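Let's learn together how to read strands, sheets and chain contacts. Have a look at the picture, then follow the conversation below.

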Amino acid sequence: MTAVDIAVVGAGPAGLSAAIEGARSGASVLLLDENDKPGGQLFKQIHKFFGSREHRAGTRGIDIGTQLLSEARELSIDIWLNAEVCGVYDNNELAVVVNHSTSKTVRAGAIVLATGATENAVSFPGWTLPGVMSAGAAQTMVNIHRVLPGHRVLMIGSGNVGVIVSYQLLQAGADVAAIVEAAPSLGGYGVHTAKVRRAGVPFYTSHTVLKAEGADRVESAVIVELDKDWNHVPETEKTLAVDTICIAAGLTPLVELGRSAGCHVVFEPTLGGWIPAHDSYMETSVPAVFVAGDIAGVEEASTAMEEGRLAGIGAAAVLGYYGADERNALSQVVWNRLDALRSGPYGRKRREAKEVLLRAGENAT
Amino acid sequence: MNMRVEDHPILGVLDNESDGVRVVVDGEALQARPGEVIAATLMAHGRSVFRYTNRRGEPRNLFCGIGRCTDCVMTVDGIPNVRTCVTVVRDGMVVETQRGNGAWGRCDDGR
Amino acid sequence: MTIDRTQNEREGVAYTGTPSEQELHDSGGYATQERQERGPVAFIECVECIPCNPCESACPYHAITVGPDITALPQLDGEKCIGCGLCIAVCPGLAIYVKSKHHSETHTTISFPYEYVPLPSKGDTVNLTDRNGDVVCQGRVLNVFTSRRNDRTAVVQAEFDKRYCSEVVSMKLPRSDERERGR
């Protein structure tokens, strides 16, 4: 049995920030991650982040990841890698399997769940062919492992993930044959869409993929136009010669551990689906169990880091490392930054959905 | 086929693989980069089929890339159903295209 | 058969991926026409209210204003902007370039952000493109800036025939097959 003040599950942007903020209070922190390297998706984010100076705007995600890791080291945060957390039990006990071989129990005063999200699939004839993969998988291949998943790619979905990964595939030397979007308008930020557009990538709005064809891997894709009721428009099929199809159709929070802990979950489609309700300190309906990042609603790395800070401050406070006044003052600074990120037409929808979660959280506790 | 991203505007030129490791895939020795996952090594060499499904014998490879969908499993060092997207290469690792549910083989490293 | 194709006639960045002339004109990121004639000046093509403001502090002449609400659109003061180009590589959205319309009797110059390899070299002839990636004309690379400050966003400066002044925003990137041949 390992005993610790705060156990943080997931060493991505939210988990790292929660661990750092928790350790700053003087609490002992254990950070667990199932992967062999910490950082989560940050080390795939090779683009410069938006925001303002206090959000480290203009800094590439990879460099923010490196900064967070060095802060975690300076604060002597204990990090267990290859450590899968399988369940949250009573008395805040975590069941952990390390290196696929050793089981361990961690008892924590407070728990922060920062497990992230998983990408949604889109099924169509041929979708199981080699060469069809999630956009995130392709992004890992080019930016982490330096391998092109293919030479010519069709991207399904024009949200920020779809357009950013398209741009990064171009940067890595692939061709992007097209980006298709089922909705009548594009989902991603205009500066991202403009970037891939001026590289010559065509967008097809009101289009979807009909099928992928090929023997042992994708050799072509057929796309088709959709009418306003999402039906295929006859005789609008186009065949694109591609060897790779990437799917960027949104993400779903990974809430299993939240359910295991007994957290009250609510359905909020704007933020990805079922999400543990939480209060403004990120505490769930289960006392001393906190959430941060995509598990608390799918947004961006910049918001995930701020939520991680809130959870770290909140966790430290329930353990008595901060008094209520100190907690409130520290949290308010973070909330000001979060509010800035959630303003404007894109942020407003997320903020409104987040407010629903917060109300559910206040009622549940 | 070399699918390596040798030069990159943000990540720079790929360092040489002098300390690379070798993975034996279906009897063929493939150069791998230390720290990468098995799926990356296979993709770098242009191998697209990782396994064939049990009933229909359909080809599969990487899908989710985070160890959740299990589409990319192969037989590794005699152990079937190893997720190649989250399993890091090791020098001398023996990787086999998996057919169906796979079969347990001899573990050469004595595990 | 009648197909409802009204969507294809919709203009604007949310439909085409590239900002329309109207959006660009209305966003406040352009200097006046008269100012554009006078000398090098920034063109900010940021038409959506996203939370972002590094351009504001990047400008040593305080020619770009976002203000306390960081989702406000950057406003360019053409009288303060000298076209120095320090904002180009700072913009996370790669949405700023600098044009000098009357660089010479016959030529315009443009400095734009570029994050692909291989980088062009000084003196190279390159294909310059419009916002849709279509080649407009050829141009000659005058400079490629890759200072540390730019953090791996190169700034390419090219000159081209003045007739194409309004269309050019970037250059064509070498496609993967051309790269293969180059090896």
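**Reading strands and contacts**

A: Strand 3 (residues 51-52) of chain B pairs with strand 4 of chain B in the antiparallel sense, over two bridges. This is a predicted model, where local features need pLDDT of at least 70 and side-chain atom pairs count only at pLDDT 80 or more, while totals for chains, interfaces and linings use all residues. Residues are numbered from 1 along each chain as its sequence is written, with chains lettered from A and ligands numbered from 1 in the order in which they are written.

Q: What counts as a strand, and when do two strands pair?

A: Strands are DSSP runs of E with at least two residues, and helices are runs of H or I with at least four, both numbered from the N terminus. Two strands pair if DSSP finds at least two bridges between them. Here, Pro59(B) in strand 4 of chain B is the bridge partner of Tyr52(B).

Q: Which strand order does the open sheet in chain B have?

A: The order of its three strands is 4-3-8, with mixed pairing. Strand 4 (59-60) and strand 8 (98-99) of chain B are the edge strands, as each pairs on one side only.

Q: How many residues does the contact take from chain A and from chain C?

A: Residues are in contact if their C-beta atoms, placed from the backbone, lie within 7 Å. This contact takes 42 residues from chain A and 42 residues from chain C. On the side of chain A that touches chain C, helix 5 of chain A gives the largest share, six residues.

Key:
Two residues are in contact if their C-beta atoms, placed from the backbone, lie within 7 Å.
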